[in-house]
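Dear colleague,

Please find below the structure that I am handing over to you.

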Amino acid sequence: MLAYRHAFHAGNHADVLKHLVLAEVLRYMAEKDKAYTLVDTHAGAGGYALDGRYAQKNAEHLGGIAALYSRKDLPKPLHDYVELVREFNQNGPLKQYPGSPAIAYMLMREQDRLRCYELHPTDQRILASYLDERPNTQVQQQDGFAALKGELPPPSRRGVVLIDPPYEIKADYGKVIATLRESLQRFADGTFLIWYPQLQILESAQLVQRLKSATEPIAKKGWLHVRLSVAQADERGFGMMGSGMFVVNPPFVLHDKLAECLPTLVDTLGQYDDANYLLEQQTA
Ligand code: SAM
C-alpha cells in the first residue's frame, strides 16, 4: 500500500518548484513576530541522500537541484532557496536534499509550531529523530488528510498547510479537494499549499479547476496557481510532464517573486523546446 518513497524523486524539478514556493511563504510568515503553525500533512523523511540507492535509480535531482546548485546568477528568491540546500550540505558538494520539514526547520523560529504527518513507518521514524530537538514540534504516524481538521484553526490563527500527497492512488485527488473544503470552513484565513503532478490523466487535468471552485467562495485572499512544465509524456501518454502548486490565500508578494524565477527555471530545467510555465492569480 505504501509503495511510494520520496527518496526516488528527491530534488527533482517538482521538489524545486514546491520548495521554492514553501520557502517564500515561510519567509513571509516570519515577517510578523506573532507565532505561526505549519502543518505538513505528507511530510516524508525530512532529508534524502542523493548518492543513496533510491535517489541514484533515476537520478532525478540531475534535472532539478543539481542544475541550479552551483549557479551564481540566479534571481534572488531562487538563490535564497538554493542557499538553504547549500546550508543543508554544510556549504559543501551537493550530497543531501532537504525535504519540506527540513526547509521548514531552517526557516521557522523557535516560537513557530511545526506539525508533521507521515504514514510510512521508516520515514516517520527518520523524521521524528531529525526534528527531535526542535521545540514546538510534533511528528505523527497518522493519515495527514484525516488529522488536518484537528489542527485547524491553529492557536494563533496564523497558519500554513502543505498538502503534498503521492497521488499514486487516484483517490488522493478527491481527498485533496474534500480536505481543502473542510479546512477552509474551519480556517478561511489559512494559507494552503497544494502540490500536484502534471499528468495525462483526467484527475490531474481537472484538479486545478476543482481547487479554484473549492476556494473562490471562501478564501479571503484568493488563490495563486503556478505550473512548471518541463517534459513531454511518452508516446503512450505516461510520464510526469511537470508539476504545479496551488496556493490558497497567498502572500501578496508571491506572484512577483515567482514571476522573477520562472523563466530561469524553464531555461534550466526544461527538457524540450516547448518547456513552459503558467502563473495565474485571483485576488478575492
Ligand atoms: N512533503 C515532502 C517533501 O516535500 O519533502 C514529500 C512528501 S512525499 C511527496 C509524500 C509522502 O506522503 C510520502 O512520504 C508517503 O509515505 C506519505 N503518505 C502517503 N499517504 C499519506 C497519508 N495519507 N498521510 C500521511 N502521509 C502519507
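In which sense do strand 7 and strand 9 pair, and over how many bridges? In this predicted model, strand 7 and strand 9 (residues 242-248) run antiparallel to each other and are joined over 7 bridges. Within this pairing, Y196 has G244 of strand 9 as its bridge partner.

Both strands belong to an open sheet of 8 strands, whose order is 5-4-1-6-7-9-8-10 and whose pairing is mixed. Its edges are formed by strand 5 (137-140) and strand 10 (276-282), each of which pairs on one side only. From one strand to the next, the twist averages 10°.

Strand 6 (residues 159-163) deserves a separate description. Of its 5 residues, 5 are buried. In general, side chains in a regular strand alternate between the two faces of the sheet. In strand 6 both faces are covered, with G159, V161 and I163 buried on one side and V160 and L162 buried on the other.

The neighbours of strand 6 are as follows. Strand 1 (residues 37-40) pairs with strand 6 in the parallel sense over 4 bridges, and V39 stands opposite V161. Strand 7 (residues 191-198) also pairs with strand 6 in the parallel sense, over 4 bridges; here V160 has T191 as its bridge partner. The chain passes from strand 6 to strand 7 by way of helix 8 (residues 171-186), in a right-handed β-α-β crossover.

Finally, helix 10 (residues 254-269) lies across strand 8 (223-229), strand 9 and strand 10, and runs at about 170° to strand 10.

Yours sincerely

Methods:
Residues are numbered from 1 along each chain as its sequence is written. This is a predicted model: local features need pLDDT of at least 70, side-chain atom pairs count only at pLDDT 80 or more; totals for chains, interfaces and linings use all residues. A residue is buried if 20 or more other C-beta atoms lie within 10 Å of its own, exposed if 12 or fewer, and partly exposed in between; C-beta atoms are placed from the backbone. Helices (H or I, at least four residues) and strands (E, at least two) are DSSP runs, numbered from the N terminus. Two strands pair if DSSP finds at least two bridges between them. A crossover is right-handed if, with the strands pointing away from the viewer, the path from the first strand over the helix to the second runs clockwise. Axes are lines fitted to C-alpha atoms, for helices over the stretch in contact, and angles run from 0 to 180 degrees between N-to-C directions. Two residues are in contact if their C-beta atoms, placed from the backbone, lie within 7 Å.
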